[in-house]
Amino acid sequence: MRVTTRLAGGLALLTAGLTLTACGTGTTAAPDATAPPCRTGSLAWTLSLLDGDGTGAGRADARLTAVNQGPGACVFAGFPALEIHNGKAESVEGAGQGRPAALALPVRASVTVDLRYTRRGTKGADPWCVRQTEVSVRAPHDTRGAVVPVRDAHGKAAAIDACGETLAMAVPRRTPAGS
């Protein structure tokens, strides 16, 4: 009798968990444990500057997006590495806070990271500024990087002009394929 009660209780908990997941309570499915980590070379990267007043007040100044163009699903686990170099001298690096959840990335799905930074000429801007038409990126836990051109909000060539030592990175979020 005791075994039957425990089995029935466990089955009820499992059913309740599946029901909550099916109802879209906001729970995120765990990434496929068999999927390999996303690699920089299998991702199509873009960095787009967003229209705005340059103050970074409450919204992103730029957006880094990576689309999985690999042969299968991969796991994007952490913040990407992002660096803007001014030759061998100054550089500005992306920095995020915390440990973001691992994201399963099916083929053609994308991951997006919003960036906030202070532009040159903005009141209170640090004198340490870097202006470049391309940035260096790397998928989390990958050793090989890629150079990505900077684009404006309309897809035309642009330059990022960031001041300070870091760009603030928002937690990566997944966008379904075809969106």
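## Disulfides, strands and core of a predicted model

Cys129 and Cys163 form a disulfide, with 1.9 Å between their sulfur atoms. Cys129 lies in strand β8 (residues 129–132) and Cys163 in strand β11 (residues 160–169), so this pair ties together parts that are 34 residues apart in sequence. The model described here is predicted. The torsion about the S-S bond of Cys129 and Cys163 is about 100 degrees, so the disulfide is right-handed. Cys129 counts as buried because its relative accessibility is 11%, and buried means under 20%. Cys163 is buried too, with a relative accessible area of 4%.

The structure holds two disulfides. The other links Cys38 and Cys74. Cys38 sits in the loop between α1 (2–22) and β1, while Cys74 is in strand β3 (residues 74–76), so the link joins parts that are 36 residues apart in sequence. Its torsion about the S-S bond is 80 degrees, which is right-handed. Both Cys38 and Cys74 are buried. With the bonded cysteines of the chain numbered in sequence order, the pairing is 1-2, 3-4.

Strand β1 covers residues 43–49, and its side chains alternate.

| Strands | Sense | Bridges | Residues opposite each other |
|---|---|---|---|
| β1 and β2 (residues 62–68) | antiparallel | seven | Leu49 and Ala62 |
| β1 and β10 (residues 146–151) | parallel | two | Leu47 and Val150 |

Strand β2 is largely enclosed by the rest of the structure, because five of its seven residues are buried.

### The nonpolar core

Which residues of the largest nonpolar core touch the most other members? They are Trp45, Leu47, Leu115, Val135 and Ile160, in a core of 32 residues. Nonpolar side chains tend to be buried together in soluble globular proteins. Not counting residues up to four places away in sequence, Trp45 touches residues including Leu64, Thr65, Ala66, Phe76, Pro80, Val137 and Val148.

### An exposed glycine

Is Gly87 buried or exposed? Gly87 is exposed, because its relative accessible area is 56% and exposed means over 50%. Gly87 is in the loop between β4 (81–85) and β5 (91–96). Gly87 and Gln132 are 45 residues apart in sequence, and their C-alpha atoms are 9.7 Å apart in space.

Methods
Residues numbered from 1 in each chain as written. Predicted model: local features only at pLDDT ≥ 70, side-chain atom pairs only at ≥ 80, totals over all residues. Heavy atoms only, no water. Buried < 20%, exposed > 50% of the residue type's maximum accessible area, 1.4 Å probe, protein only. Helix = DSSP H or I, 4+ residues; strand = E, 2+ residues; numbered from the N terminus. Pairing = 2+ DSSP bridges. Core = buried A, V, L, I, M, F, W, Y, C linked by side-chain atoms within 4.5 Å. Contact = heavy atoms within 4.5 Å. Disulfide = S-S within 2.5 Å.
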